[in-house]
Amino acid sequence: GQIVYSIAEETERGASVGNIAKDLGIDAATLSARKFRMITGSSKQYFNINASTGALSVSEPIDREQLCELKSDCLLNYELVLENPLELYRMEFKVLDINDNSPSFPLSEYHINMPEFLSPGARFTLPSAQDLDEGANSVQNYTLSPDEHFYLEMQIHGDGSKYPELVLKKALDREQQATHRLVLTAKDGGNPPKSGDVPVIVTVLDTNDNAPEFEHSVYRASILENSPNGTLVVQVHATDLDEGPNGEVRYSFSNTTSADLQRMFSVHPHTGEVTVNGVLAVQRPLLEMLIEARDNGAFGMSSTAKLLVEITDVNNHGPEITITSLSSPIPEDAVPGTVIALLSILDKDPGENGKVTCQISENLPFQLKPSLQNYYSLVTSELLDRELISEYNITITATDLGSPPLTTQKTVWVQISDVNDNAPVFSADAFDVFVEENNPLGAFLYQVSASDPDIGENGRVSYMLRNSTVAGSALTSILSMNLANGSIYAKRAFDFEQLRSFHFQVEAKDNGSPALSAAITVNVYISDQNDNAPAILYPISQNGSVAVEVVPRLADEDYLVTKVVADDEDNAQNAWLSYHLAHSSDSTLFQLSPHTGELRTTRSMRSTNFLKHKVVVVVRDHGEPPLSSTVTVGILLADTLPQALPDFDDSGEPAPLLNATNIYLIVSLACVSFIFAAFIFFLAVIRL
């Protein structure tokens with residue numbers, strides 16, 4: 001449970017407050033047995049409980065003002081704890097205020113200085129009194145001792161509290177009375193009321209009726225913007241006709257002068273010298289300030305003069321280049337006029353010093369174009385070629401028009417991206433390939449190579465054979481190609497005697513989109529190998545028989561017996577033929593020309609020579625290794641062509657002189673001679 005008691009402050013010790021046992025309905029006889037105790041957060045124990053009767057009494061007088069200061073409600077909280085069973089009761093003591101404090105003023109006396117020129121109705125705030133009591137016991141009203149020049153009025157603050165004001169009722173005259181002594185009394189609402197008073201001394205001051213006057217209403221000065229601290233700008237001067245403090249002048253900036261300007265400049269309070277006090281960081285060339293001259297009167301009078309300071313720019317700011325937008329990389333096929341970057345160029349200096357010219361190198365395919373105010377666009381001025389130049393470092397130079405001019409440079413890195421604008425290029429106009437015949441299958445013939453200055457897929461080259469025919473066969477049946485590296489391989493063996501040369505086209509294509517391609521002609525020349533032996537064209541032997549040549553019986557020396565004619569299907573030195581006698585039945589009778597193959601007699605024939613001879617001719621080429629063919633020639637010594645040719649055995653021995661054929665020839669010759677002689681004789685007889 002909870003119970004509330006009210007007790008006036010300063011109640012004496014032992015005064016009864018109430019009976020806690022009766023008020024809480026507790027048997028007083030059980031308090032000791034239940035080990036009662038009072039618990040409080042206060043530093044003092046202001047109350048006591050009689051363990052026998054439960055009577056609650058004051059054990060320590062309470063000073064409300066000390067305990068609760070200015071609080072409107074002053075409360076003391078206690079807790080009563082009982083055991084067996086455990087019970088907890090809250091007790092609240094409301095300390096009531098009594099009028100035990102008189103109003104008091106913070107100071108023992110107050111002084112007010114009033115100039116004599118004040119008109120009636122002028123007001124001056126008087127000090128408020130303090131009363132530690134609350135409510136009606138606090139200060140309720142003020143009174144002022146009677147005076148013909150002043151009276152008292154009460155005013156109300158915004159929070160509702162009242163305060164006194166001294167009002168001038170009649171104009172003052174310092175010459176008649178220099179000091180007025182008044183008494184201000186504060187009264188509370190207690191019963192009986194208490195009061196407190198304080199002397200108020202009013203001093204009438206001499207009238208400061210002359211304000212300082214400047215020599216010029218407007219001062220003008222010019223100063224460089226980089227002037228160091230302490231540089232004198234101008235010195236102002238004002239005079240005051242009053243005497244004493246009323247004639248002493250102090251200089252300062254007027255309150256209407258901006259705080260920035262007051263930080264940049266300072267004015268000496270006594271000499272009026274205006275000097276530089278900081279960095280002159282301003283954007284306008286003319287600064288306007290108001291200088292105030294105030295006298296030292298009690299109510300100082302003042303006047304102002306205008307100070308115009310012209311800041312002469314010294315071009316101490318270089319242009320600032322800011323890249324607000326940049327497109328990189330850009331494709332190499334970008335049309336002229338494509339915007340690459342947007343630049344902001346600003347110079348903080350005013351006037352000519354802040355005007356900026358901007359340029360880049362003339363040998364670049366770019367140019368600067370003015371855009372908005374203080375903005376430039378960096379655009380392409382001609383077509384780009386990544387294969388020639390893949391990136392650019394563009395130095396932008398900004399120069400102001402100051403004297404001397406200041407220059408700022410900034411470099412912009414622009415990369416050029418590739419487009420497929422270059423077809424593959426072969427290293428030659430045509431390729432000549434030389435290959436020996438009888439090559440193995442799959443033999444490497446040649447590797448064509450094409451380059452593409454583009455990069456990535458645009459520069460990756462693949463190769464293929466263009467469709468064509470060679471000697472009536474499809475090219476793909478003869479050759480194969482590696483698509484990646486351009487290597488050409490033979491799919492079959494070549495035969496020089498059937499195909500000596502052919503040509504075809506190889507196409508190189510990049511992997512761009514759209515793809516670009518180029519073609520080149522490859523000439524294949526097949527070189528000869530000595531794979532063919534010489535072929536005997538004349539004399540011809542049939543079915544293994546010996547070719548027979550008939551030579552007059554008495555042929556002269558160097559008589560052409562026959563000419564061996566041979567041919568070799570090979571080429572060049574493989575087809576260069578030479579003729580040699582491998583065997584002759586009579587080595588002294590015949591000779592063979594090694595170059596022409598002509599078989600001639602070495603001497604005149606004799607009747608004693610054998611009638612049949614056999615010669616073996618070897619025809620040899622000049623290949624490596626050389627190949628050869630042989631032919632056997634039978635030579636018959638006879639003046640007429642026999643009806644039947646004799647046999648030439650392999651022994652090569654000469655036949656007997658008087659064989660059947662020879663006898664037949666002799667008989668025939670004898671008969672013919674006889675008939676011819678008879679005919680001559682007949683003619684002679686007839687003539688005679």
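User: In this predicted model, what makes Tyr5, Phe47, Tyr78 and Phe93 a cluster?

Analyst: Ring pairs link these four residues. Rings pair if their centres lie within 6.5 Å. The structure holds 14 aromatic pairs.

User: Why is the pair of tyrosine 5 and phenylalanine 93 called stacked?

Analyst: The centres are 5.5 Å apart, and the limit for a pair is 6.5 Å.

User: Which parts of the chain does the pair link?

Analyst: Distant ones. Tyrosine 5 sits in strand E1 (residues 2-8). Phenylalanine 93 sits in strand E7 (residues 87-96).

User: How do you know whether tyrosine 5 and phenylalanine 93 are buried or exposed?

Analyst: Buried means under 20% relative accessible area. Tyrosine 5 has 7%, so tyrosine 5 is buried. Phenylalanine 93 has 0% and is buried too.

User: What makes the pair of phenylalanine 494 and phenylalanine 502 tilted?

Analyst: The angle between the planes is 40°. Stacked needs under 30 degrees and edge-to-face over 60, so this angle falls to tilted. The centre distance of 5.7 Å is within the 6.5 Å limit.

User: Are phenylalanine 494 and phenylalanine 502 buried or exposed, and how do you know?

Analyst: Buried. Phenylalanine 494 has 3% relative accessibility. Phenylalanine 502 has 8%. The cut-off is under 20%.

User: Why is cysteine 671 classed apart from cysteine 358?

Analyst: Cysteine 358 has a relative accessible area of 17%. That is under 20%, so cysteine 358 is buried. Cysteine 671 has 41%. Exposed needs over 50%, so cysteine 671 is partly exposed.

User: How many disulfides does the structure hold, and by what rule?

Analyst: The count is zero. A disulfide needs two cysteine sulfur atoms within 2.5 Å.

User: What makes strand E33 and strand E36 edge strands?

Analyst: They belong to an open sheet of four strands, in the order E33-E42-E41-E36. Strand E33 (430-436) and strand E36 (461-465) each pair on one side only. The twist averages 30° from one strand to the next. Pairing in the sheet is mixed.

User: How do you know that E36 and E41 pair?

Analyst: Pairing takes at least two bridges. E36 and strand E41 (residues 501-510) have five, in the antiparallel sense. Tyrosine 463 stands opposite alanine 508 in E41.

User: What makes E5 a partner of both E2 and E4?

Analyst: Three bridges join strand E2 (residues 16-19) to strand E5 (residues 55-58). Strand E4 (residues 47-49) and E5 also have three bridges. E2 and E5 run antiparallel, and E4 and E5 pair in the antiparallel sense. Serine 57 is the bridge partner of serine 16 and of asparagine 48.

User: Which residue takes a positive phi in the hairpin of E4 and E5?

Analyst: Glycine 54, with a phi near 80°. The hairpin has five residues between the strands.

User: Why is alanine 293 called buried?

Analyst: Its relative accessibility is 0%, and the cut-off is under 20%, so alanine 293 is buried. Alanine 293 lies in strand E22 (residues 286-295). Among the residues alanine 293 touches are Pro212, Phe214, Tyr251 and Met301.

Terms used:
Residues numbered from 1 in each chain as written. Predicted model: local features only at pLDDT ≥ 70, side-chain atom pairs only at ≥ 80, totals over all residues. Heavy atoms only, no water. Phe/Tyr/Trp six-rings, centres within 6.5 Å; stacked < 30°, edge-to-face > 60°. Helix = DSSP H or I, 4+ residues; strand = E, 2+ residues; numbered from the N terminus. Buried < 20%, exposed > 50% of the residue type's maximum accessible area, 1.4 Å probe, protein only. Axes fitted to C-alpha atoms, helices over the stretch in contact; angles between N-to-C directions. Contact = heavy atoms within 4.5 Å. Lists of a residue's contacts leave out its neighbours within four places in sequence.
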